[in-house]
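Work through these exercises with the sequence and model open. Try each task before reading its solution.

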Amino acid sequence: MTLAVRYTAARTLDTAVVDAPEPGPGEVEVAPAYVGICGTDLHIFHGDMDARVAAPAVLGHEMSGRIVRVGPGVEGWQPGDAVTVMPLRWDDTCPACQAGHRHVCQHLDFIGIDSPGAMQQRWTVPASTLIRLPESLALDRAALVEPTAVAVHDVGRAEVAEGEKVVVVGGGPVGLLIALVARAAGAEVRVVELSTHRRLLAEELGLTAWNPADDDVPELVRQWTGEAGADVAFEVSGAAAGVDTAVEVLGVRGRLCLVAIHPRPREVNLHRFFWRELTLVGARLYDRGDFERAVALVADGTIPAERLISKVVPLMQAPAAFEALEGGGDVMKILVDCTDDAQGVAG
């Protein structure tokens, strides 16, 4: 048995004792240490994904922890190994998988959404999903590997190159991670964000941040780029105004990378796409190479993970943490600590 955080209905979470399945062939049992709460988890909490999420559902997919047990046939892993999990299970038979795009499998099981997630004291997952962590990397910081892998994938999809000028619209956790990964790739980066708290954090990390409520962002981009416009824009805000800004700042043959999940159709200035020969690319999830690159970036400090962690709460307080995140602006990343034995007995 294990203590877990479960989504039971819109805006309703509980902590409950659930079964902890024995690891079967090809599986491992992991003791999650820290689990991050992300935007997708908030969408589930709000009831926006009820058509996909079968309640009661154990949430969480941004995690770090250690192996407790290995199932039959598992090689190369042993109890005590520090790991994170790439939470994707694909079928290997659909057209997307056959074309080499398994991370967007047409029947993808996203673990933590479509099947039980990491916000529990014990978690059984396929050994194939494990990503090794260096022992030198603190497990709280390692919980940011998954969102960093998202950023690595996004920057790769946009083909960001050294010397290019990049605008990131939306300075939440993923937006700042994209900005940091793009900077590590040699790009010059500007962040567009309404929240004063998030702009200040971006600036503390050495990034230039603009406030779209007060600043004429397209004009600032024209001045910055010598009238050329940005080479790449990332839309990470999820807002209609963010889409408009991301399109407006791009120069000729600029690339717009769509990162945010937009729950409804948006109007897009297609004339701008025609006139400047713009390109739109979608970016979803990651592959193993993205994860391994993310581990390296967090481990060497290129991603200052500790600066992005606003708060760590025990598992029993996770429901309240979801409510705190709804305020948005003054909080970046909240981690749930699943290690406290006083919270319940895993076994």
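Two strands count as paired if DSSP finds at least two bridges between them. Keep in mind that this is a predicted model.

**Exercise 1. Decide how far β18 is enclosed by the rest of the structure.**

Step 1. Set the cut-off: a buried residue has under 20% relative accessible area.

Step 2. Sort the residues by direction. K333, L335 and D337 point one way; I334 and V336 point the other way. All of them are buried.

Step 3. Conclude. Five of the five residues in 333-337 are buried, so β18 is largely enclosed by the rest of the structure.

**Exercise 2. Work out the strand order of the open three-strand sheet, and name its edges.**

Step 1. The order is β2-β1-β4, with antiparallel pairing.

Step 2. The edges are β2 and β4 (57-58). Each has a single partner strand, so one side of each has no neighbour in the sheet.

Step 3. Check one pairing. β1 (residues 2-9) and β4 run antiparallel and share two bridges. Y7 stands opposite A57 in β4.

Step 4. Look at a residue of β2. V17 lies in this strand, residues 12-18. V17 is exposed, because its relative accessibility is 54% and the cut-off is over 50%. Leaving aside residues up to four places away in sequence, V17 touches M1, T2 and L3.

**Exercise 3. Locate D92 and L285, then say how accessible each one is.**

Step 1. D92 sits in the loop between β7 (88-89) and α2 (95-98). Its phi is positive, near 65 degrees, though D92 is not a glycine. At 38% relative accessibility, D92 is partly exposed.

Step 2. L285 belongs to the loop between β16 (279-282) and α10 (288-299). L285 is not a glycine either, and its phi is about 65 degrees. With a relative accessible area of 13%, L285 is buried.

Methods:
Residues are numbered from 1 along each chain as its sequence is written. This is a predicted model: local features need pLDDT of at least 70, side-chain atom pairs count only at pLDDT 80 or more; totals for chains, interfaces and linings use all residues. Side-chain values use heavy atoms; hydrogens and water are left out. Buried means under 20% relative accessible area, exposed over 50%, partly exposed in between (1.4 Å probe, protein chains only). Helices (H or I, at least four residues) and strands (E, at least two) are DSSP runs, numbered from the N terminus. Contact means heavy atoms within 4.5 Å.
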